[in-house]
Amino acid sequence: MSKEKLIIFDTTLRDGEQSPGASMTRDEKVRIAKALEKMNVDIIEAGFAIASPGDFEAVKAVAAAVQDSTICSLARAAIQDIERAGEALAKANSSRIHTFIATSPIHMKYKLQMTPEQVLDQAVRSVKHARNYTNDVEFSCEDASRSEFDFLCQMIEATIAAGATTINLPDTVGYGIPDEYGAMIKSVIENVPNSDQAIFSVHCHNDLGLAVANSLSAVQNGARQVECTINGLGERAGNASLEEIVMAVKTRHDQVPVETMIETQHIVSTSRLVATITGFPVQPNKAIVGANAFAHEAGIHQDGVIKHRETYEIMRAEDVGWSENRLVLGKHSGRKALYKRLKELGVEFESREESDEIFKKFKELADKKHDIHDEDLQALVSDIQAIELAEQYKLVSLSVCSKTDEIPEAEVTLMNNAQSSDATATGSGPVDATFKAIEQIANSGATLELYSVNAITKGTDSQGEVTVRLEKNGVIVNGSGADTDIVIASAKAYVHALNLLGSDARRAHPQTQGI
Ligand code: KIV
Ligand code: ZN
């Protein structure tokens, strides 16, 4: 029986980036977009072009770099937003403008301070304007799950008539319950007279942990596009996770009779890439991509799996890329092999200096670590990009003394605006001492909100990947660093976070700015 297609719309680079501190640079977005393209994602929402010049450039760069997926920019239902989105997408092989306005009484009254008639009029004008740039226009009724049904239907009918080709009905605040949300999608499709002229889409947030369940229920009731993110990244508790949606559809097509075009064997590597770049590690028990997702601890389970895999496993680890042969390079690999692999990972160099630098760092790493995996290369590239973008501070050297029964001491040298500064500090551990020494120089006034260390690969020679989250005056940043020495990785991550704080980290937020 042929199944209907479920369109996978990935918003890791837009809604995912709205997670506090998860902002990505243009080059990082391009790397993730290339991985999404390789996975065969249908639509990549690359950003919110009007949010900042950086966001605009990132959408533009993704549009130029990706050929096979449609590239989308978010735009509020406002003429200047749509023009900016249209401009950023001009070079895309295939483009979509995604425009939205809130339709729930609470959002219209308090946030927009607009009447329903004004909202309807603005939505229709925006969709019509977006059609001047592309024939592929998505319209979202923000907070659809808390909107009044009749008004929702009126909005949908009018925006389809104005030219919207996809209608998205988000559960913006993660309030929906699967049966109720699915029923809403069904009733809308049945009640809107021109509903056959658009694809219905869902975009669910995970505030009650129901984003994937709500999305699947919507699909069972007629939605044919799901908006989701890698690792479930996103505003507050996140969005529906792409890997869970895709694997649920693949594993339970008896219940969800649709198919996606996703090349599932690239899921794990893409998840790793997003975790490395954003500094949001994946919890071990996360479905599909967590380190324990396919690990069978209990003896009884292991026995069953050995006798017959399907006793306890409903999916094959290799189908999502766990057992992909990801061992790539080593000490004897040359430039050609390294550059070829990096190209396959979506990393492009802008200059000869850049490619020389990565080769040098690769050789240094290969001296310390026998097997270099894709994850190591991704971390290496992130590290180099972080150093290149460093505006104020650069880590020059670090020396730490840590002995039993002695107070650890760290000595740090930083370049501070091209001037060398040294500091020494003690702390409760080597990392604490290091951060205190850095702060003696930086005196940033920031609060450390999170410190986490993850091993990138297996084995004690693994690089440690560190995330440092700093907060200052409401701006949250995540710095990341990787090294086979976790104290050095920590120092790199702290310095990276300081540099991010110093850069213009503030961007317009699509859902809190009035139009
Ligand atoms: O959650 C939401 O409603 C959104 C819209 C902009 C689609 O992110
Ligand atoms: Zn959202």
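Q: What should I know about the model and its numbering?
A: This is a predicted model, in which local features need pLDDT of at least 70 and side-chain atom pairs count only at pLDDT 80 or more, while totals for chains, interfaces and linings use all residues. Residues are numbered from 1 along each chain as its sequence is written, chains are lettered from A and ligands numbered from 1 in the order in which they are written, and side-chain values use heavy atoms, with hydrogens and water left out.

Q: Which residues coordinate the zinc ion (ligand 2)?
A: Start with the rule for donors. They are N, O and S atoms within 2.8 Å of the metal (3.2 Å for Na, K and Ca); water is not among the atoms, so sites may look incomplete. Here the donors are D15 through OD, and H203 and H205 through NE2. The distances are 2.0 to 2.1 Å.

Q: How are the donor residues of the zinc ion (ligand 2) spaced in sequence?
A: The pattern is D-x187-H-x1-H. The pair D15 and H205 links distant parts of the chain, 190 residues apart. D15 sits in the loop between β2 (7-10) and α1 (26-38). H205 sits in the loop between β8 (199-203) and α8 (211-220). Helices (H or I, at least four residues) and strands (E, at least two) are DSSP runs, numbered from the N terminus.

Q: Where is C72, and what does C72 touch?
A: Contact means heavy atoms within 4.5 Å. C72 is in strand β4 (residues 70-76). C72 counts as buried because its relative accessibility is 0%. Leaving out residues up to four places away in sequence, C72 touches F9, I43, I44, E45, A46, G47, L89, R96 and H98. Take R96: it is 24 residues from C72 in sequence, yet 4.5 Å away in space, C-alpha to C-alpha.

Q: How do I read the packing of α8 and α9?
A: Axes are lines fitted to C-alpha atoms, for helices over the stretch in contact, and angles run from 0 to 180 degrees between N-to-C directions. The axes of α8 and helix α9 (residues 242-251) come within 10 Å and cross at roughly 45°. Therefore α8 is oblique to α9. Angles under 35 degrees count as roughly parallel, over 145 as roughly antiparallel, 65 to 115 as roughly perpendicular and the rest as oblique.

Q: Which hand is the crossing of α8 and α9, and which residues make the contact?
A: A crossing is left-handed if the near helix is turned anticlockwise from the far one by less than a right angle, and right-handed if clockwise. α8 passes α9 in a right-handed crossing. V212, S215 and L216 of α8 meet E244, I245, A248 and V249 of α9. By class these are five nonpolar, one polar and one charged. Ala, Val, Leu, Ile, Met, Phe, Trp, Tyr, Cys and Pro count as nonpolar, Asp, Glu, Lys and Arg as charged, and the others, Gly among them, as polar.

Q: At what angle do α12 and α13 cross?
A: Helix α12 (residues 335-344) and helix α13 (residues 352-368) cross at roughly 105°, with axes that come within 11 Å. That makes α12 roughly perpendicular to α13. R335, L338, Y339 and L342 of α12 meet R352, S355, D356, I358, F359 and F362 of α13. The contact has six nonpolar, one polar and three charged residues.

Q: How do α15 and α16 pack?
A: Helix α15 (residues 430-442) and helix α16 (residues 486-502) pack at about 35°, their axes 10 Å apart. The crossing is right-handed. Among the α15 residues in the contact are P430, F435 and I438; those from α16 include Y494 and L498. The contact has 10 nonpolar, two polar and one charged residues.

Q: Where is phi positive in a residue other than glycine?
A: Most residues other than glycine have a negative phi. I288 has phi near 70°. I288 lies in the loop between α10 (267-278) and α11 (299-307), and counts as buried at 5% relative accessibility. N417 has phi near 50°. N417 lies in the loop between β14 (409-416) and β15 (419-426).

How values were computed. Buried means under 20% relative accessible area, exposed over 50%, partly exposed in between (1.4 Å probe, protein chains only).
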